[in-house]
Amino acid sequence: MKPDRLNAFTDGVIAIIITIMVLELPTPKGADFAALRPDLTLFGAYALSFVNVGIYWNNHHHMLQSARRVNGRVLWANLFLLFWLSLFPFVIRWIGEAGITAMPVAAFGVILLLAGLAYYILERALIAAEGDQSAIANAVGAKTKEWLSVACYAAAIGLAFVSPWISVAIYVAVSAMWLVPDRRFERQQ
């Protein structure tokens, strides 16, 4: 199979995920800025989730642009990634209803951590499908940002039970670190 079909499928699923996330935002009950106050937590969770889904979409797009072929293992790895991304609407609604509290904030971190793991599995599946000399294999570096992200997510999950706000700050910092698209794949084309 050509990677273009997988890329198009993923684009569609991510578009649906983003649509579901925005539909979770309630309409304010008034016509002034004070009417927005009850939903600021939910909006903040939405914004952070939107940025994270966007980061995954952007990096996925760059990686698939370097791919020449996909196989069944790649298809399943991609679905595994999409599974974790599809849980963002659920967890942001939980945060919106429960507030910045330990369990929902820790769950947000678990989803971030497992989406990162799923992306890594997809990367490895693409390398296995194309070989160790492929553009993807050549683009993958020391993975410093990846391992730092894993360590931060793991710490933030535990810290959610100490101070959920510290965890939120860590999630925001990791997202900020990833806002610049992964240029390693662009250099391989």
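**Questions on a predicted helical model**

The mean pLDDT of this predicted protein model is 91, and 95% of its residues reach 70 or more.

Me: How many helices does the protein have?
Reply: The pattern along the sequence is α-α-α-α-α-α-α-α-α. There are zero strands, and the helices number nine.

Me: What is the radius of gyration of the protein?
Reply: For 189 residues the globule rule gives 16 Å. The computed value is close to that, so the protein is as compact as a globular protein of that length. Its radius of gyration is 18 Å.

Me: How far does H5 reach from its first C-alpha to its last?
Reply: H5 has 29 residues, and at 1.5 Å a residue a span of 42 Å is expected. The reach in the model is close to this, at 42 Å.

Me: Which residue just after H5 takes a positive phi?
Reply: The phi in question is about 105 degrees. The residue that takes it, just after H5, is glycine 131.

Me: Why are the buried residues of H8 placed on the same side of the helix, and what arc do they cover?
Reply: The buried residues of H8 are Pro164, Ser167, Val168, Ile170, Tyr171, Val174, Ser175 and Trp178. They lie on the same side of H8 because the arc they cover around the axis is only 160 degrees.

Me: What covers the buried residues of H8?
Reply: Tyr171 and Trp178 are among the buried residues of H8. The cover over the buried residues of this helix includes H2, H5 and H7.

Me: Is asparagine 7 buried or exposed?
Reply: Asparagine 7 lies in helix H1. Leaving out residues up to four places away in sequence, asparagine 7 touches His60, His61, Leu64 and Gln65. Its relative accessible area is 7%, and a residue under 20% counts as buried. Asparagine 7 is therefore buried.

Terms used: Residues are numbered from 1 along each chain as its sequence is written. This is a predicted model: local features need pLDDT of at least 70, side-chain atom pairs count only at pLDDT 80 or more; totals for chains, interfaces and linings use all residues. Side-chain values use heavy atoms; hydrogens and water are left out. Buried means under 20% relative accessible area, exposed over 50%, partly exposed in between (1.4 Å probe, protein chains only). Helices (H or I, at least four residues) and strands (E, at least two) are DSSP runs, numbered from the N terminus. The arc is that of the directions from the helix axis to the C-beta atoms. Contact means heavy atoms within 4.5 Å. The expected span of a helix is 1.5 Å times one less than its number of residues. pLDDT is the predictor's confidence in each residue, from 0 to 100. The radius of gyration is taken over C-alpha atoms; the globule rule is 2.2 Å times the number of residues to the power 0.38.
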